[in-house]
Amino acid sequence: MTKAGGTIQFIPTWNAFDNERELKKRNPERSGELEVPCTQTQNGKDHFRPAPSLPYPAHSHPSLRSRAGSEVAPRSVRETNTQFLPGFCMLSSRVHLVPTLARLVHSFICDSSHSCMDLKALLSSLNDFASLSFAESWDNVGLLVEPSPPHTVNTLFLTNDLTEEVMEEALRKKADLILSYHPPIFRPMKRITWKTWKERLVIRALENRVGIYSPHTAYDAAPQGVNSWLAKGLGVCTSRPIHPSKAPNCPTEGTHRVEFNVNHTQELDKVISAVKGIADVSVTSFSARTDDEEHTRISLNCSQQALMQVVAFLSQNRQFYQKTEILSLERPLLLYTGMGRLCTLEESIPLATMIERIKRHLKLSHVRLALGVGRTLESQVKVVALCAGSGSSVLQGTEADLYLTGEMSHHDILDAASQGICVILCEHSNTERGFLSDLRDMLGAHLEHKINIILSETDRDPLHVV
């Protein structure tokens with residue numbers, strides 16, 4: 001703000017009048033509390049006066065962000081008396097609004113019907129719901145776009161695919177975080193310009209302080225995730241993952257276990273001292289008896305790199321080396337977590353009946369069908385292997401009466417049909433999108449209804465039957 005004659009001119013980064021109306025609408029009893037750091041001129045000198053805590057940080061509240069089609073541009077308000085700026089702290093006609101207000105404030109306001117969640121706390125809760133450690137190694141999951149902190153979330157927006165049309169819908173609905181099942185950023189970006197649609201998504205998100213989070217294959221693997229939802233459309237059945245996930249954490253350290261015997265006490269101290277000197281090796285020992293002979297059993301847990309050093313040491317003693325056992329350590333498999341589902345129906349049903357169940361569950365009028373060799377619409381279906389999205393790599397080699405997925409390659413379909421396996425294709429995202437309604441309810445309960453969760457109304461599969 002500068003003084004121009006006897007008037008005040010200021011260039012805010014948001015509309016102060018709209019902001020005041022938003023305050024009154026959301027929290028009538030707290031309207032007029034918005035204050036900013038300012039300087040007061042006394043005796044020709046400027047004295048800085050910090051502002052009291054605001055009800056919310058200007059940069060994190062939805063009413064203070066630019067929205068779709070309404071970029072907030074600097075504007076001058078001339079010949080404005082301070083009494084017409086409700087909620088601002090004005091000490092005299094010579095007041096300077098601090099332009100970095102948004103970064104100086106760390107308190108916040110929330111919708112009256114829901115409380116807010118700090119972004120980091122929300123991300124932790126989302127990981128508790130379905131751990132990102134279950135995602136495939138090639139996938140790009142988690143927080144993909146983060147506004148500058150602190151960032152609070154009042155509205156979580158769910159979509160299967162984040163297109164530009166869906167982004168504009170999210171902005172209209174004042175989303176603070178978009179959960180896009182498919183990651184809109186997958187390949188590395190070397191620049192962020194207006195040239196491509198995915199770069200524009202990032203720009204729009206950052207301009208409007210909207211975060212983007214993607215769970216993708218972590219939700220595929222989760223026990224309560226996309227594939228389990230898809231299996232609900234088959235009827236009463238038991239199911240298990242086709243490719244089970246491994247436990248993310250295991251109490252045993254190292255990748256290998258090395259075991260051997262030491263017969264003489266004098267050798268025991270020397271051996272233990274030597275192996276303890278190798279990095280990434282843990283040592284345990286216990287008494288054992290073999291062929292009525294007492295000895296000490298040494299067990300070492302070690303990393304791949306330490307394994308070579310351990311073997312090199314043991315090879316110096318033929319007695320140790322010839323009786324050494326090396327075990328490769330694997331994390332335990334999880335019974336209900338993993339990629340794909342192999343479902344066994346309680347009762348066999350005709351293929352035609354199964355097709356109608358799937359269409360009803362996915363709310364589709366048409367699906368694509370490849371009949372297996374020797375099969376007809378009246379053939380019985382007992383075992384179904386399914387994978388939401390693109391299922392070729394997951395379903396390949398699985399014994400079943402029917403494969404259900406969104407898309408498969410031409411040659412993979414031919415291979416399955418040649419084995420007498422029928423294939424139903426529903427288009428990629430049609431096998432995933434319906435899960436979001438269940439997700440909204442599950443996340444609402446998991447987050448104790450602390451935030452507003454809404455579904456996209458414009459998200460759809462790009463392919464249509466015409």
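**View 1. Val-145 has Ile-212 of strand E10 as its bridge partner.** Strands here are DSSP runs of at least two residues and helices (H or I) are DSSP runs of at least four, both numbered from the N terminus. Helix H3 (residues 119-129) packs on the sheet, where it touches E6, strand E9 (177-180) and E10, and its direction makes about 20 degrees with that of E9; contact means heavy atoms within 4.5 Å, and angles, which run from 0 to 180 degrees, are taken between N-to-C directions of axes fitted to C-alpha atoms, for helices over the stretch in contact. The model is a predicted one, in which local features need pLDDT of at least 70 and side-chain atom pairs count only at pLDDT 80 or more, whereas totals for chains, interfaces and linings use all residues. Residues are numbered from 1 along each chain as its sequence is written, and side-chain values use heavy atoms, with hydrogens and water left out.

**View 2. Five strands form an open sheet of mixed pairing in the order E6-E10-E9-E8-E23.** Strand E6 (142-145) and strand E23 (452-455) stand at the edges with a single partner strand each, so one side of each is left without a neighbour in the sheet; two strands pair if DSSP finds at least two bridges between them. E6 and strand E10 (residues 211-214) run antiparallel and are joined by three bridges. Helix H4 (residues 164-172) lies across strand E8 (155-159), E9, E10 and E23, and runs at about 160 degrees to E8.

**View 3. Strand E20 (residues 380-390) is largely enclosed by the rest of the structure, because eight of its eleven residues are buried.** Buried means under 20% relative accessible area, exposed over 50% and partly exposed in between, with a 1.4 Å probe and protein chains only. E20 pairs with strand E18 (residues 341-350) in the antiparallel sense over six bridges, and Ile-349 stands opposite Val-381 in E20. With strand E21 (residues 402-407), E20 pairs in the parallel sense over five bridges, and Leu-404 in E21 is the bridge partner of Leu-386.

**View 4. His-366 lies in the loop between helix H11 (351-362) and strand E19 (368-370).** His-366 counts as exposed because its relative accessibility is 52%. The side chain of His-366 makes a polar contact of 2.9 Å with the side chain of Ser-365; such a contact is a pair of N or O atoms within 3.5 Å, where within protein one must be able to donate a hydrogen and the other to accept it, and residues adjacent in sequence count only if both atoms are side-chain atoms.
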